[in-house]
Amino acid sequence: MTFPSGTFTPAPGAGRPLRMLWVHARTEATLTLRNGEQVLLTLLIPLALLIGLTLVPVIALPSPRVDAVTPRVLALAVLSSAFTGQAIALGFDRRYGVLKRLAATALPRWLLVLGRVVAGLVVVAVQAVVISVVALLLGWSPSGLLWMVALLALGTLCFGALGVLLGGALKAEVVLALANVVWFVLLLAGGIVVATADLPSGMASVVALLPSAALTDGLTTALSGGVPPLSVWVTLTAWGVGAGVLATRTTRLT
Amino acid sequence: MSESAVEVADVVKRFGPTTAVAGVDLSLPRGQVLALLGPNGAGKTTTVEMCAGFLRPDSGSLRVLGMDPMSAALRPRVGVMPQGGGAYPGVRAAEMLRLVAACARDPLDPPWLLDVLGLSGAARTPYKRLSGGQQQRLSLACALVGRPELVFMDEPTAGLDPQARRLVWDLVSALRADGVSVLLTTHLMDEAEALADRVVIIDGGRVVAEGTPAALTTEGQMLRFRTRPGLDLTLLSAALPESCVVAEPSPGAYLVSGEVDPQVVSAVTAWCAQQGVLAEELRVGRRSLEDVFLELTGRELRS
Ligand SMILES: Nc1ncnc2c1ncn2[C@@H]1O[C@H](COP(=O)(O)OP(=O)(O)OP(=O)(O)O)[C@@H](O)[C@H]1O
Ligand SMILES: [Mg+2]
């Protein structure tokens with residue numbers, strides 16, 4: 001094949017930051033929402049729990065049951081996508097050399113991180129809308145939506161940082177196993193399905209310090225019209241900042 | 001703008017007990033093509049990854065377009081085709097190229113580039129379902145789409161069919177003609193001879209030879225012939241001029257290197273007659289890079 005002279009004449013330069021951010025975040029969000037396993041984890045399981053726990057009285061809940069279940073399912077949705085889904089995707093992206101590829105473009109590191117954060121927020125927004133619609137159909141009567149949005153955003157950042165910490169440091173298979181185990185443990189014993197207050201008191205004081213418990217408790221308070229206590233915000237911020245700082249040291253490109 | 005595109009001086013890189021690169025020097029003048037040639041494990045990828053800013057050397061100095069290879073200001077000016085990988089497992093070929101193109105100010109047109117690389121039909125195929133050769137070509141597209149001044153290609157033709165390989169050669173020639181500097185690695189001799197202005201041969205992390213393909217290969221001629229293995233070469237050595245060296249690099253394949261003139265040829269055939277053997281496939285020619293490598297390292301370059 002011959003190419004007209006001048007076809008490849010150098011004209012280097014970085015793209016516009018907003019466009020880079022938009023295309024990167026859109027690509028990442030699309031990939032998540034197109035991936036069958038991710039959709040199962042981030043949407044189908046939370047929806048199944050929402051409907052199941054609302055309609056079947058397997059655990060004791062104050063009624064209306066849907067008002068008690070929805071905040072927990074929203075917290076689970078954040079755990080599923082921002083932490084487990086993110087960690088697994090990052091583990092395999094590293095295996096496939098994606099980070100190296102993107103690091104070799106003009107995309108600055110801060111945009112690389114920001115793009116993933118925005119994509120994570122978009123996915124959580126999609127989850128929140130779908131879960132809320134189904135919950136409303138089940139008779140959910142929420143209040144305090146602004147607090148909910150703020151908590152979901154902070155929860156996404158916190159669990160996202162934890163997900164990057166896990167997915168950025170270990171081998172893809174190890175990440176896959178650990179991310180699922182942590183998901184399962186936090187779901188059952190991390191203050192999500194069983195409220196922190198209903199746990200044995202020795203355990204409750206420890207579990208209350210977990211980000212999963214903080215997010216669940218915060219969302220429960222917010223959606224029943226209360227103001228989430230300071231401890232919720234502090235716990236989520238502390239875990240997020242701690243994980244983020246550690247992750248900047250441990251995250252590897254491959 | 002007169003400095004070299006790449007300047008590597010006495011660079012060392014260790015991985016635990018392994019010294020992958022043991023003091024490599026190389027220099028790529030702007031607008032030229034340099035081939036880094038060597039067998040598996042020679043240290044080619046490690047060298048390229050240091051130049052591309054993926055790895056920090058343990059010692060030595062590296063300058064790329066006059067800058068530290070890790071410098072962020074360098075990223076838009078350099079295109080990198082790593083050895084293997086480089087896309088999300090689930091991303092479609094066209095999506096990936098569009099993403100990389102979005103990072104550049106004035107990119108090549110992604111659909112055009114996909115078409116050039118024969119990937120139009122696979123534009124909507126997820127990366128992990130592309131064939132190995134298609135993944136290679138997508139990786140090359142990503143390296144070129146930003147119109148870089150300098151391109152690093154790590155084994156750009158590994159695993160490609162002859163037609164795709166030819167295409168990559170044409171692309172490299174077009175890049176060079178348009179003033180782009182290219183540093184590529186290969187373990188294919190003909191590739192280095194066909195594409196490169198300069199060849200650097202490395203083995204065991206060290207540079208064993210360096211120069212233009214012509215200088216490396218015309219420094220003497222070769223006479224080759226095949227006959228019964230294991231003949232005693234002392235008589236032949238004695239009959240040849242001082243400048244000639246005779247060897248049997250692999251059983252039954254004999255090699256005379258040095259100033260090969262008609263007298264040398266006649267001495268060889270006379271010696272064969274004395275030994276009562278027939279010299280088959282006797283030919284005189286320029287050394288190939290293959291021969292140079294064999295001579296320098298005592299080993300064959302796998303191809
Ligand atoms: N990350 C690493 N950890 C440990 N050893 C490594 C690492 N990367 C490379 N090596 C070792 O360094 C040496 C040089 O490897 P390198 O990948 O640079 O070779 P290469 O010339 O690119 O080979 P190939 O033709 O197979 O691609 C090898 O012995 C390899 O095992
Ligand atoms: Mg290599």
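These questions and answers cover a metal site, one threonine and the cavities of a predicted model.

Colleague: Which residues are the protein donors of the magnesium ion (ligand 2)?

Modeller: The donor atoms lie 1.8 to 2.2 Å from the ion. One sits in helix 1 (residues 44-51) of chain B, the other in the loop between strand 5 (78-81) and helix 2 (93-102) of chain B, 38 residues apart. The donors are B:Thr45 (OG1) and B:Gln83 (OE1).

Colleague: Is A:Thr196 buried or exposed?

Modeller: A:Thr196 lies in the loop between helix 7 (172-189) and helix 8 (201-207) of chain A. Its relative accessibility is 6%. The cut-off for buried is under 20%, so A:Thr196 counts as buried.

Colleague: With which side chain does the side chain of A:Thr196 make a polar contact?

Modeller: Beyond its neighbours within four places in sequence, A:Thr196 touches several residues, including A:Ala204, A:Val207 and A:Asp217. The polar contact spans 3.2 Å. The partner is A:Asp217.

Colleague: Which element gives the largest share of the lining of the largest cavity?

Modeller: This cavity holds about 150 Å³. Among its 18 lining residues, those closest to the centre include A:Thr105 and B:Arg75. Strand 5 and helix 4 (132-144) of chain B each supply at least two. The largest share, 3 residues, comes from strand 5 of chain B.

Colleague: How many charged residues line the second largest cavity?

Modeller: Its volume is about 40 Å³. The lining includes A:Leu49, A:Arg72 and A:Val193. By class there are 7 nonpolar, no polar and, for charged, 1.

Note on methods:
Residues are numbered from 1 along each chain as its sequence is written. Chains are lettered from A and ligands numbered from 1 in the order in which they are written. This is a predicted model: local features need pLDDT of at least 70, side-chain atom pairs count only at pLDDT 80 or more; totals for chains, interfaces and linings use all residues. Side-chain values use heavy atoms; hydrogens and water are left out. Donors are N, O and S atoms within 2.8 Å of the metal (3.2 Å for Na, K and Ca); water is not among the atoms, so sites may look incomplete. Helices (H or I, at least four residues) and strands (E, at least two) are DSSP runs, numbered from the N terminus. Buried means under 20% relative accessible area, exposed over 50%, partly exposed in between (1.4 Å probe, protein chains only). Contact means heavy atoms within 4.5 Å. A polar contact is a pair of N or O atoms within 3.5 Å; within protein, one must be able to donate a hydrogen and the other to accept it, and residues adjacent in sequence count only if both atoms are side-chain atoms. On a 1 Å grid over the protein atoms alone, a cavity is a set of points where a 1.4 Å probe fits but cannot get out, and a pocket is an open set with protein on both sides within 12 Å along at least five of seven lines; lining residues have an atom within 4 Å of a point. Grid points are joined across faces, edges and corners, and a volume is the space filled by probe spheres set on the points. Ala, Val, Leu, Ile, Met, Phe, Trp, Tyr, Cys and Pro count as nonpolar, Asp, Glu, Lys and Arg as charged, and the others, Gly among them, as polar.
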